[in-house]
Every structure is written in C-alpha cells, then in structure tokens.
Amino acid sequence: MSYTAEQFRNLIRGSGVGTYQINEDEKGNFTLLTDCAEGKVVFYEQDIVELIITSLKDGANVFYLHFRIEDEDHAKDLFAEMRQTLISLKNKKRVKVLLSCTSGLTTSFFASELSRAADTLRLDYEFAAVSFDRIYEEGFSYDIILLAPQIHHQYNKTKQIFRDAVVMKIPAAVFGQYNTGEMIDMIKKIIIEIDEKEQASKKADPRKPFENPYRILSIGMINQFGSFRIGYRVYDHGKRSLDGEVLKPSFSLQDITDIIDYVFSLEEKIDAIAIAVPGVTYGGRVYHEELGLKGEFLAKTIREKYNNTPTILANDVNAMALGYYALNEDADDMVFYFQPTGHGAGAGIIIDGKLRTGIMHGAGEIFSLIKDTVIDYDKKTATPEGTLELVTKGILAFIATIAPKKVVLYSKLAVDMDELIKELQKKVAAQYIPQIEHTPGLKRYILPGAMVHCLEVLRGYQETGDWHGYEKKRENNS
C-alpha cells in the first residue's frame, strides 16, 4: 500500500512539540510558526504537496519545493529537511551585523559593546568583527557590514562586492567614543529604510529566431553559498507559460523528478525536458564528484519514467552561455566566464552562434589550466585581489586561443571591469582585448539556455531520426 496524504498529515500533526506552533485549516493545510519564520504545507489534487518556509525578517523564501506523495521514506525525508530548516532559523538572530577594521581588534571591542546594548534593549541583533583581510571569507552571510574609519577608503569596493548586504561607514565620532546608542539607532534606521536591493530579473523571452513548435520543460540548478536553487519553466513555442523554483539546503536527483511530477500534473503535454546541471554532461550522463554523480544515466532514467519524453542534459555554464546568447543580439562570438567564490572556474563558449563543447564536452573547463598556473589558487578564490588574478589569466587564455569578441563575467569578487581591463593591458595590447561585461546574476540565463540546447538536439532528430542526436551516437561508440 502506498503512503497516503492523510498519513503525511498525521506526521505533521505530531511534529511540532516544543519547536513550533502548528495550525491546521479546514482544508487540511498546515501553518508552522516560529518567532523567525513561517512554514506552510499545502495539499493539492493528485497528492501534490507544497512545502514553503518564509523568513519573517524580510519575507524571503528560504525553503520551497513540491512533490507527489508516493514513497513514505521520500515524503518523510523531505519533511524532516523542512523541519530542520525551520528549527535552524529559529536559532538564528534576525539581523546579522559585521564590523571590520584593519586588524579587527578595535571593532571586536565595539561589537561586544553593541551586543550587550542590543541584549539590554531586547533587539534581535547579532554583532561580530573581522579584520579587513578576512572580510571576503565571512561577509557574505551578514545583512549589514560596518567599516571602521581607518578603512573608509575601502567603502566603494566593499559595496560593489557585497551587493546583497547594506555596507556603511561608521562615523569617526561614533567609533571614537564607542557610542553604542547612536550606532544602534543608525542600524535601526537602516533596517527601516532597506528596500529590495536585489534588482529584479528582467522577464525577457528569447529573441525571435528561437520560436519553435515544441512545449519544453526547462530545469536549471545553481549551487551557491550552501543552498541549491532549482528553477523550472515551461516554454510554450518559445514563450514562457509556467515559472517556479525549488530552494533547499541539499540536493538529490529526486528533486528533479519531483519537479517533473509537479509540472506533468499541471500540463497536458510536454514535448521534451531540458535539464542544466553542474558538472560534465555527456551522452546523457552526469559527472560531478562533489554532488556524488559518477556518470548516472540521468537522461535515460527520466525519459523512461515519463513516457519516453525526450530528455536532454546540458552543463550549467554552457546553458548560461546559450541563455545569454538567446537574450542578446551581440553574442554570436563570446565566452560566458563563471568564477565562483571558493570553487573552480568554468566557461561556456559561443562561436559563430554555436556552442562549442569539444571532445567529451570538455571545452571551457578552464579550472585545471588556471589552477596549474596560479600559486595558492584556493586562497585566491576568496579575495578580490586573488580573483582578479585568476580571471585575468583565464581571459588571457581565451584571447590567445579563440579571441572572442565579448566576455561576460560572473564573479562575486571581481566586479570592477575597468580594473580588469587594466590588468589585461599589462599582458596584451589593447586591440586584442574583447568587450568585457559583468553580469550580477545567473538565474535569468540558465533556463532559456537549457531550452535552446534542447532545441538543437530536437532539430537534429528531425534530420537523423535519433532524438538524442550526436550525444547518443558518441555514447554508442564509447
């Protein structure tokens, strides 16, 4: 007997003892409340369940997924993950403030004084201090970053890098007197005045040449800063018709099938499934050691599970390159360069309007080359100065080989393109340097890019009768 929705409801009803308040409405949906967050468990037709956690601090979703109730262990594991996330938020301070100075000593004392003052006032603030040379290791998890007077000259650079936080200078008079009252008043004012600082992604559809006769489910996964965002979208003849996202602290392949189950429960017809994931995707298989993917035949597994629906895989950065190409007219010869913080770089290459994948889809895997030519590679991915060196050498490699007309760079720590161009000019004449553009986000490119890649394979099917195209042929020869 399969696991039922009512059995799952009983699990939820007994889960909140001593941890959160549970409210059940007349439809059998649940609200799980803590002081810091609100969780919702919503039941739909066909045993589809939606799990949501929303932060009460800023209204942001911190956990979101939907799945079909079939397997008992799977349902229990997902709810346990939701429950753990809800409890962990309860143990976190609502506002995290990081102070920084040259050595971290004077700001450490000020942070301690501010913590005592906040506790006295019963304010849910957390204060910490760090030397400026370590701010890029720790700063991305804070809401507010305060710079001591001696490093005010670093303000513009720090503000550029920490786009998702509020960065401000501590006035000399406030810092010199360790005036906790005035500093806390300033923080209160910041919190009241903060509006959404993250620029909303532009809702653009692919340019006209990508109109097509198919209905394609596009799925893209991005792994950053300890969480997995899995976006999905249905493209109906090239136009978006359904949009959504799953947000979780961990990843399993079943997250992909949960999304497909959900979409198939809503949509009458899906002609193909396009999936963009980190790692090497070749012949319908995925290779990514950190995610535990050792050549799983993901395309075949999904194709067979969903009525032989064509399933096409793409590397995440290749999909981003194709997505950028689909949304911009000046991208026929370009490199989309992805330099994450603390991880290896990768690039998607477009030449004459075509994605270049190379032997075993290894084109753009720049990580090995850069790591071999840079001393202390791992440390340098964590600082702006080190990241600038890495990106400079990576772009030089592409200038010397394919000479692209344009480079689109995503990097949290290398954001000043004028500075990057100056570094390149030390190595190569100015006329060889391509146009360089920094992009602040990835999400808006990966889904249209997966769809574009899927179209290329489907068009190959029209010519050869083999829906898996060249990937299938290579796989048969391996």
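Because the model is predicted, local features need pLDDT of at least 70 and side-chain atom pairs count only at pLDDT 80 or more, whereas totals for chains, interfaces and linings use all residues.

Helix 8 spans residues 253–266 and helix 9 spans residues 298–305, and their axes come within 12 Å and cross at roughly 30°. Axes here are lines fitted to C-alpha atoms, for helices over the stretch in contact, with angles from 0 to 180 degrees between N-to-C directions; helices (H or I, at least four residues) and strands (E, at least two) are DSSP runs numbered from the N terminus. On the side of helix 8 the contact (heavy atoms within 4.5 Å) is made by Leu253, Ile256, Thr257, Ile260 and Asp261, and on the side of helix 9 by Leu298, Ile302 and Lys305. By class, this contact has 5 nonpolar, 1 polar and 2 charged residues, where Ala, Val, Leu, Ile, Met, Phe, Trp, Tyr, Cys and Pro count as nonpolar, Asp, Glu, Lys and Arg as charged, and the others, Gly among them, as polar.

Helix 8 also holds Ile259, which counts as buried because its relative accessibility is 0%; buried means under 20% relative accessible area, exposed means over 50%, and partly exposed lies in between, with a 1.4 Å probe and protein chains only. Beyond residues up to four places away in sequence, Ile259 touches Ile219, Ile230, Tyr232 and Val246. Ile259 and Leu65 are 194 residues apart in sequence, yet their C-alpha atoms are 8.0 Å apart in space.

Ile219, one of the residues touched by Ile259, is among those with the most contacts inside the largest nonpolar core, together with Phe8 and Val41. A nonpolar core is a set of buried Ala, Val, Leu, Ile, Met, Phe, Trp, Tyr and Cys residues joined through side-chain atoms within 4.5 Å, and the largest one has 52 residues. Its largest share, 6 residues, comes from helix 2 (residues 72–90). A second, separate core of 36 residues includes Ile216, Ile222, Phe338 and Tyr410. In soluble globular proteins, nonpolar side chains tend to be buried together. With residues up to four places away in sequence left out, the residues touched by Ile219 include Ile256, Ile259 and Ile260, as well as Leu447 and Ala450.

Arg215 is found in strand 10 (residues 215–224) and counts as buried because its relative accessibility is 14%. Its side chain makes a polar contact with the side chain of Asp236 at 3.4 Å, a polar contact being a pair of N or O atoms within 3.5 Å of which, within protein, one must be able to donate a hydrogen and the other to accept it, while residues adjacent in sequence count only if both atoms are side-chain atoms. Lys406, in strand 21 (residues 406–410), is buried with a relative accessible area of 2%, and the side chain of Lys406 makes a polar contact with that of Glu437 at 3.1 Å. Apart from neighbours within four places in sequence, Lys406 is in contact with several residues, including Tyr324, Asp330, Asp333 and Glu437.

Backbone angles were examined as well. Most residues other than glycine have a negative phi. Arg122, although not a glycine, has a positive phi of about 60°; Arg122 is placed in the loop between helix 3 (105–120) and strand 7 (125–131) and counts as exposed because its relative accessibility is 79%. His361, likewise a residue other than glycine, has a positive phi near 60° and lies in the loop between strand 20 (354–356) and helix 11 (367–373), but His361 is buried, with a relative accessible area of 8%.

Finally, Gly323 has its place in helix 10 (residues 316–327) and is buried, with a relative accessible area of 0%. Leaving aside neighbours within four places in sequence, Gly323 is in contact with Tyr445, Pro448 and Gly449.

How values were computed:
Residues are numbered from 1 along each chain as its sequence is written. Side-chain values use heavy atoms; hydrogens and water are left out.
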